[in-house]
Amino acid sequence: MINVKDLHKYFGSLEVLKGINCHIEKGECVCIIGASGSGKSTFLRCLNLLETPTKGDITIDGMNIMEKGVDVDELRRKVGMVFQHFNLFPHLSILDNVTLAPIRHKMMTPDEAKKKAMELLNRVGVGDKADNYPVQLSGGQKQRVAIARSLALSPDIMLFDEPTSALDPEMVGEVLEVMKQLAKEGMTMAVVTHEMGFAREVADRVLFMDGGVILEAGTPEQIFDYPKEDRTKEFLSKVL
Amino acid sequence: MLDSYYRAFIAEQRYLMYLDGLKMTLLVSLLAIILGVALGTILALMRMTAERRGKSTLLSKIAYVYIDIIRGTPTVTQLLIMYFVVLKGVDGLIVGTVTFGLNSAAYVAEIIRAGILAVDHGQMEGGRSLGLSYGQTMKDIILPQAVKNILPALGNEFIVLIKETAILGYVSIVDLTKVADFVTSRTYEAFAPLIGTAIIYYLVVKVLTLVLGVVERRLRQSDKR
């Protein structure tokens with residue numbers, strides 16, 4: 001589904017990604033862990049071209065997204081993204097936040113979009129907030145709306161960029177629960193996270209990133225119980 | 001005392017002159033702010049191309065030079081250049097409108113640009129991540145939020161503009177201040193016409209300030225819980 005070959009990214013003269021190689025299968029849930037500054041968010045943001053990679057190859061669903069003239073907007077419709085800070089649109093109601101993109105893309109009529117949005121909002125447990133504005137919601141509710149907003153475009157892949165890092169501790173669980181459901185239903189997911197419990201329980205594979213490369217990859221058991229690299233052991237001893 | 005006010009405003013139906021002057025002042029201000037907002041929006045979008053590309057572009061440079069020159073020279077000088085050089089022999093209303101419109105555009109451009117930049121960067125990413133184009137995201141997500149930042153400052157610019165038009169008399173365009181000047185030269189009494197004129201300006205600005213306050217409160221309503 002996603003194939004990344006020798007991906008490099010520079011910010012000015014600073015090399016943030018130093019040759020990433022990885023493969024994500026359809027239906028797989030991959031968690032990316034690592035210290036801050038290790039390049040995990042940048043890597044994730046390269047996958048829907050919110051950051052432009054400096055060199056390398058990324059193939060998504062058979063389409064090389066590094067080619068010139070690739071339809072970026074088309075790509076982003078297939079690859080949903082959930083942000084650390086939600087990025088809900090404060091001037092629109094919850095319902096309008098979810099229906100805006102499907103209507104603008106002419107994927108659905110406003111009535112169909114509204115019906116689908118209500119289904120999604122009910123599924124993530126905030127159906128009763130449809131007519132409220134983002135400012136009236138708690139952090140956990142906002143993030144669940146953001147997930148519903150991405151799902152409204154029926155994406156093939158979902159990217160999560162530290163989705164629970166900006167939440168109060170008591171709200172982390174409700175967001176992770178929604179993501180767990182999504183993984184169970186077979187959504188292809190790439191999740192940058194500091195929630196080791198979630199990674200261990202839900203991930204099919206865990207990637208440990210350090211210094212701009214994937215230092216170690218494997219099943220949660222391999223990474224958490226039998227890490228090979230010293231750097232991985234050191235990181236895990238600090239966070240577990 | 002009352003006598004001098006009578007001579008300044010009532011005698012020879014002078015109040016009609018003040019009304020004509022006020023009409024000129026308000027007409028030039030209104031037309032100029034319309035021109036200023038239209039041109040200012042274009043200038044702001046030209047400058048924004050640099051923000052989008054991450055480096056200055058030809059369009060952003062042109063807009064920057066224009067804004068720099070307008071802000072770096074006195075409005076009176078600009079008015080004189082328009083009246084005696086660029087628009088020589090053209091009707092006063094047009095000279096006034098064009099001068100203040102071009103002048104205001106430079107300030108309005110910066111107000112609009114600042115208003116757009118004040119919207120959280122995550123909003124653009126949020127829109128783009130849903131597959132909306134740059135233009136669609138601007139129109140549906142950024143600008144509706146930027147208006148809240150822009151409108152109060154824009155209202156302020158309009159108020160400044162109204163008062164600045166008092167220099168129109170420099171090139172013998174008969175605005176409110178010029179009328180006071182006329183009357184003074186007829187009655188040889190400066191106090192009443194000038195104070196009276198000042199009060200008229202004050203009242204106009206006061207009414208506008210009140211209207212702006214109402215608009216601003218309306219805009220803030222969606223921020224409340």
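How many bridges join strand β4 of chain A to β5(A)? I looked this up at the outset, bearing in mind that the model is predicted. I found 2 bridges between β4 (residues 55-60) and β5(A), and the two strands run antiparallel. Within β5(A), A:Asn64 is the residue that stands opposite A:Thr59.

**Entry 1: the sheet of 4 strands in chain A**

I then placed this pair in its sheet. The sheet is open, has 4 strands in the order β2-β1-β4-β5 (chain A), and its pairing is antiparallel. I noted β2 (14-24) and β5 (63-64) of chain A as the edge strands, each of which pairs on one side only.

**Entry 2: the sheet of 6 strands in chain A**

I traced another open sheet in chain A, whose 6 strands follow the order β6-β7-β8-β3-β9-β10 with mixed pairing. Its edges are β6 (79-82) and β10 (213-218) of chain A; each has a single partner strand, so one side of each is left without a neighbour in the sheet. I recorded an average twist of 20° from one strand to the next.

Which strands does helix α6 of chain A lie across? I found that α6 (residues 169-184) lies across β3 (29-33), β7 and β8 (188-192) of chain A, and that it runs at about 145° to β8(A). I also looked up helix α5 (residues 139-151) of chain A, which lies across β6 and β7 (157-161) at about 170° to β6(A).

**Entry 3: chain B**

I turned to chain B, which has 9 helices and 0 strands. Its C-alpha atoms fill a box of roughly 70 × 50 × 20 Å along the principal axes.

I consulted the UniProt record, an unreviewed entry, which annotates residues 22-212 of chain B as "domain: ABC transmembrane type-1". In the model, residues 22-212 of chain B are 83% helix and 0% strand, with end C-alpha atoms 21 Å apart.

The unreviewed UniProt entry also places the feature "transmembrane region" at residues 24-45 and 190-215 of chain B. I checked both spans. Residues 24-45 of chain B are 100% helix and 0% strand, and their end C-alpha atoms are 31 Å apart. Residues 190-215 of chain B are 96% helix and 0% strand, and there the end C-alpha atoms lie 38 Å apart.

**Entry 4: where chain A meets chain B**

How many residues does each chain bring to the contact? I noted 23 residues from chain A and 22 residues from chain B. The size of an interface is often given as the accessible area lost when the parts come together. For chain A and chain B the buried area is about 1900 Å², of which 54% comes from carbon and sulfur atoms. On the chain A side, A:His91, A:Arg104 and A:Val135 lose the most area to chain B, together giving 26% of what that side buries.

I inspected the one between the side chains of A:Arg104 and B:Asp140, at 2.4 Å from N to O. On chain A, α2 (72-78), β6, α3 (94-104) and α5 each supply at least two residues of the side that touches chain B.

Key
Residues numbered from 1 in each chain as written. Chains lettered and ligands numbered in written order. Predicted model: local features only at pLDDT ≥ 70, side-chain atom pairs only at ≥ 80, totals over all residues. Heavy atoms only, no water. UniProt positions renumbered as here; feature names shortened; annotations may be inferred. Pairing = 2+ DSSP bridges. Axes fitted to C-alpha atoms, helices over the stretch in contact; angles between N-to-C directions. Contact = heavy atoms within 4.5 Å. Buried area = accessible area lost by both parts, 1.4 Å probe. Salt bridge = Lys/Arg side-chain N within 4 Å of Asp/Glu carboxyl O.
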